[in-house]
Structure formats: C-alpha cells, structure tokens
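Q: I would like a close look at a single part of this model, with the terms spelled out as they come up.

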Amino acid sequence: CIRDRGSALTGQGDFDEAIAVYREGMRRQPGNARVHSNLLLTLNYVPGLDPEAVYHEHCLWGERHGNPSGQMKHHGNTREPDRVLRVGYLSPDFRTHSVAYYIGPLLQAHHGGKVETFCYSLVPRPDATTGRLRSWSDHWRDISQNGDQQIVEQVVNDRIDILVDLAGHTAHNRLGVFARKPAPVQVTYLGYPNTTGLGAIDYRLTDVVADPAGADDFYTEHLERLPDCFLCYLPLPDSPPVGESPADANSYITIGSFNNLAKITPAVVALWSDVVKAVPASRLLIKNPSLTDPGRRAQYRELFRYCGLADDRVELLGHTPTREEHLALYARVDIGLDTFPYNGTTTTCEALWMGVPVLTLAGNRHAGRVGASLLKCIGLDNWIADSESKFVDSAIARSADLAGLADMRRGLRDRLAASPLCDSDAFAGKVEAAYRSMWRRWCDSGDD
C-alpha cells in the first residue's frame with residue numbers, strides 16, 4: 001500500500017521519492033489523514049527545508065482533517081483551579097519503544113495529590129514494558145480495538161481534564177480523537193518533533209533550547225516551555241558497566257553512531273566522513289538493525305566511498321539479540337556523533353549513560369535541537385556545534401585530548417544520573433506545574 005511503500009523509501013533515505021508517493025496517495029485519497037501524516041513525518045528528515053513551508057504543510061493537515069463532525073463544544077469538568085487534575089496520556093507506544101524511556105519516569109513520579117493519571121493504550125500486543133507502565137498508572141484503558149468515537153466517549157466518561165497526545169504524526173496515532181476535543185485542555189508531547197497542525201490541541205511541552213524564542217511562529221499550539229530539558233530519561237536498569245577508554249587499547253579514536261538509518265542522510269555521511277578524515281587513523285562505527293541486510297550495508301559502503309572514506313575505516317554492524325548486547329557495543333566507541341537535521345534522542349541518552357560523549361550540530365527546528373537540549377542539561381555545552389565547520393573542528397580537538405576523553409568517560413554516567421535529565425521527581429513537579437497553569441487558564445477563561 002501507499003503508506004508501506006512510502007515508509008520503506010523513507011527508511012532508505014529516499015525522501016524525494018517517498019514524498020512523491022505520499023503526494024500521489026493524497027491526490028487519490030484526499031480524505032486519508034494517515035497518508036498525509038506519513039508525509040509530515042518524512043518532512044522532518046529532509047535537510048534544507050524551509051521551516052515555514054513545513055509548518056504550512058502541517059496546518060494543511062489540520063484544515064483537511066482537524067474539523068470532524070461531532071467536535072465537542074462544551075465540557076462538564078468542574079472549574080476548580082486547585083483540585084486534583086485528571087490527566088490522560090494516549091499513545092500507541094506504551095511498549096518497548098523510545099517513548100517509554102521518557103514517559104515511564106514521569107508516570108512513576110507523578111504526585112498523587114496533584115494529578116490522577118489515566119493511560120489510554122493503543123498497544124495490541126503488550127510486552128514487559130507495557131506491564132511496567134501499567135503498574136505506574138492510576139488507571140489503565142486498553143483502547144487498541146476501539147474506534148475514535150469510542151475513545152472520545154471513554155475520555156469523557158473518565159472526566160479527563162487534560163488529555164496528552166504522545167504520538168503526533170507518528171505511526172498509529174489517533175489525532176482524530178483530539179480533533180473531537182474530548183477534554184477541555186489538550187496537549188501534545190514527546191513522540192513527534194513538530195507541530196500537529198491541529199487547532200484542537202492547545203499546548204505543546206518543550207524547553208527554551210529545543211524551541212528558542214521565535215520558534216512559536218511555527219506551531220499551532222502554544223509552547224509551554226519547561227525548565228531545563230523537556231525530557232526525563234529512564235536508563236535500562238541492568239545496563240552493562242561503563243568500559244575503559246577504547247582509544248587506550250586501540251591506539252586510535254573510534255567515532256560512532258547507533259542512530260536510525262533514515263537519519264543518516266548523504267549530507268550526514270559527508271560531514272561524518274570529513275570528521276574521520278580529519279582525525280588521523282580514526283575509525284567510524286555505525287550500528288543499526290537495518291545494516292543486517294547486505295544490500296543496506298552495500299548502499300552505505302558506497303556512500304562513504306563516494307565521500308572519500310576507505311572501507312577499512314568504516315565498520316557497519318547490524319542487529320544484536322538483546323538490549324544489553326546493544327549497549328555493550330558502546331565500549332568500543334570514544335566519541336558519538338549526532339545526526340542532523342533530525343537528531344537522535346534515545347541513542348544520545350544511551351551513549352551518555354554508557355560513558356560516550358556525543359557531538360551535536362544544532363539546527364533551526366525542534367528535531368535538530370534535541371541534542372543541544374540534552375547536552376546543555378548535563379553541562380556539556382561545549383559539545384554543541386552551530387556550524388558544520390565547528391562540528392569538524394570540535395571533533396578534531398576532542399580526539400586529540402585522550403586523557404580528557406578517558407576522564408569524561410569515567411564520570412559521565414554519574415554526571416547524567418545527577419542531572420535534571422534523570423531527576424524524575426523534580427521533572428514530574430515541573431510538568432505538573434505546567435499542567436496547573438494550563439488548567440487555571442481554562443478555569444479563568446470561562447471558555448469551553
């Protein structure tokens with residue numbers, strides 16, 4: 001089908017062809033909101049796009065699909081500004097998924113005297129992560145087999161005050177539920193690095209680094225900026241210990257990335273190749289399950305050859321059977337490189353947790369500024385570059401300081417654990433304060 005073909009092309013980094021497929025699908029099926037959502041998701045990966053043009057494409061989605069019949073105009077929630085808030089989280093990713101690393105600590109740390117949580121799960125096949133998230137929620141609703149109107153009725157019956165979307169335009173989203181406005185206050189957060197374009201969603205949780213002053217112009221939602229970082233990270237409890245500096249044993253620097261291959265575009269390959277060529281005797285290690293496929297490995301080999309990087313300086317690794325084995329591979333990496341214009345998130349956090357500092361190139365939109373937000377939150381501002389030339393220069397300087405790299409590696413996990421990025425109790429307090437402000441505005445407004 002159109003969505004499968006487009007998704008495959010996006011995964012291969014063929015964004016132009018993927019966009020063409022989605023636009024043809026939209027021409028044939030103008031009412032298909034999911035095809036249009038797939039187009040929007042793909043736009044986040046494409047370098048060089050005008051943020052205003054991307055914004056208008058999201059607004060077009062809202063115009064076409066965001067005004068369903070049956071949209072609620074009145075809500076029966078009691079206007080008591082200081083009562084316990086009934087907060088609902090709706091997601092298809094309450095499972096082993098990157099979203100779980102960040103929603104988990106929030107659910108676990110929410111303060112019962114301030115909020116009562118409801119999780120609306122769209123997961124058809126629950127796993128162990130689903131079980132943990134369920135244990136941290138006050139109320140769990142399996143809505144995986146329900147249509148949009150059934151979900152709306154459930155939200156209304158649960159008297160939800162604030163309904164939070166955790167998917168945006170990613171797979172299996174239910175933005176159609178939010179378009180019907182079942183809760184008086186609606187928020188989007190975490191799962192999607194852009195606006196929804198949906199007028200029925202009132203707020204978006206972010207921070208001042210990921211969305212600095214001026215970014216507001218590219219969102220239909222009001223930006224509610226949290227102090228520090230807009231994320232809270234929950235490391236894998238049985239993570240392997242941090243390894244010793246690989247450069248000490250190898251006598252050369254290993255530069256690595258375990259990011260989604262769709263984010264490793266030809267432009268990324270070109271810049272990373274410049275980094276490796278500029279650092280004498282260095283090696284590049286890229287790890288992703290898609291590289292298990294010989295065709296994908298051959299494709300990336302050719303990309304690096306085209307950029308002047310010999311095969312013996314690039315190692316491509318595929319699937320590892322367990323998460324622990326995946327994390328253990330960071331013992332082979334000295335410096336991590338972030339992708340652009342779509343940064344890594346979980347890959348950056350797990351690299352830092354495993355003692356590997358990450359160099360990021362800060363961009364001009366949220367998707368390209370998450371790396372900067374994470375690094376600034378743990379005090380690694382000097383690992384944030386604002387141009388490609390500075391990215392290369394920083395990699396050269398870091399690679400020349402082997403003692404500094406070794407010291408950082410030994411202390412990075414403790415630094416991360418002691419930072420706001422892993423302080424779930426404080427983070428929950430910040431989110432709850434934001435919810436309280438949103439709620440009071442609704443109470444004061446007198447609007448439905």
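In strand 7, which residue is the bridge partner of Asp 207?

A: In strand 7, Asp 207 has Leu 226 as its bridge partner. This is a predicted model, in which local features need pLDDT of at least 70 and side-chain atom pairs count only at pLDDT 80 or more, while totals for chains, interfaces and linings use all residues. Residues are numbered from 1 along each chain as its sequence is written, and side-chain values use heavy atoms, with hydrogens and water left out.

Strand 6 covers residues 203–207; helices (H or I, at least four residues) and strands (E, at least two) are DSSP runs, numbered from the N terminus. Strand 6 runs parallel to strand 7 (residues 222–226), and five bridges join the two, where pairing requires that DSSP finds at least two bridges between two strands. Strand 6 also pairs in the parallel sense with strand 5 (residues 185–188), over two bridges, and there Val 187 has Tyr 203 of strand 6 as its bridge partner.

As for covering, five of the five residues of strand 6 are buried, a term that stands for under 20% relative accessible area, with exposed being over 50% and partly exposed in between (1.4 Å probe, protein chains only).
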